[in-house]
Amino acid sequence: MCSSGGPMADIDLKKLKTKKYHCKDCGNSFKGLGKKVVCPSCQSDNVELAE
Ligand SMILES: [Zn+2]
């Protein structure tokens, strides 16, 4: 299901609903998606939804 990337992957991400998350470890704010969200900065899963 995950092929070698390319422009299609980017389009799929934009179609899906992303939510804003906040990393409790490093304070990074990012958009996440799915059930298991990890911080792109420190790879921690200690994140919370930012409203
Ligand atoms: Zn982080």
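**Zinc site and core: a quick chat**

Tutor: Start with Cys42. At 34% relative accessibility, it counts as partly exposed. Bear in mind that this is a predicted model.

Student: What about Cys26, how accessible is that one?

Tutor: Cys26 has 39% relative accessibility, so it is partly exposed.

Student: Which residues are the protein donors of the zinc ion?

Tutor: Cys23, Cys26, Cys39 and Cys42, each through its SG atom. They lie 2.3 Å from the zinc ion.

Student: What spacing do the donors follow along the chain?

Tutor: C-x2-C-x12-C-x2-C. Cys26 sits in the loop between β1 (19–23) and β2 (29–32), and Cys42 in the loop between β2 and β3 (47–49), so the pair ties together parts that are 16 residues apart in sequence.

Student: Why is the arrangement of the donor atoms called tetrahedral?

Tutor: Because the four donor atoms subtend angles of 106 to 117° around the zinc ion.

Student: New topic. Which residues make up the largest nonpolar core?

Tutor: Six residues: Tyr21, Cys23, Phe30, Val37, Cys39 and Val47. Cys23 and Cys39 are also zinc donors.

Student: And what does Val47 touch?

Tutor: Leaving out residues up to four places away in sequence, Val47 contacts Tyr21, His22, Cys23, Lys24, Phe30, Val37 and Cys39.

Student: Now confidence. What does the chain average in pLDDT?

Tutor: The average is 84, and 71% of the residues score at least 70.

Student: Which element has the lowest mean pLDDT, and which the highest?

Tutor: Helix α1 (residues 7–15) has the lowest, at 61. Strand β3 has the highest, at 96. Where pLDDT is low, the predicted coordinates should not be read in detail.

Note on methods
Residues are numbered from 1 along each chain as its sequence is written. This is a predicted model: local features need pLDDT of at least 70, side-chain atom pairs count only at pLDDT 80 or more; totals for chains, interfaces and linings use all residues. Side-chain values use heavy atoms; hydrogens and water are left out. A nonpolar core is a set of buried Ala, Val, Leu, Ile, Met, Phe, Trp, Tyr and Cys residues joined through side-chain atoms within 4.5 Å. Buried means under 20% relative accessible area, exposed over 50%, partly exposed in between (1.4 Å probe, protein chains only). Contact means heavy atoms within 4.5 Å. Donors are N, O and S atoms within 2.8 Å of the metal (3.2 Å for Na, K and Ca); water is not among the atoms, so sites may look incomplete. Four donors count as tetrahedral if all angles lie between 85 and 135 degrees; four count as square planar and six as octahedral if opposite donors are over 155 degrees apart and all others between 65 and 115; anything else is irregular. Helices (H or I, at least four residues) and strands (E, at least two) are DSSP runs, numbered from the N terminus. pLDDT is the predictor's confidence in each residue, from 0 to 100.
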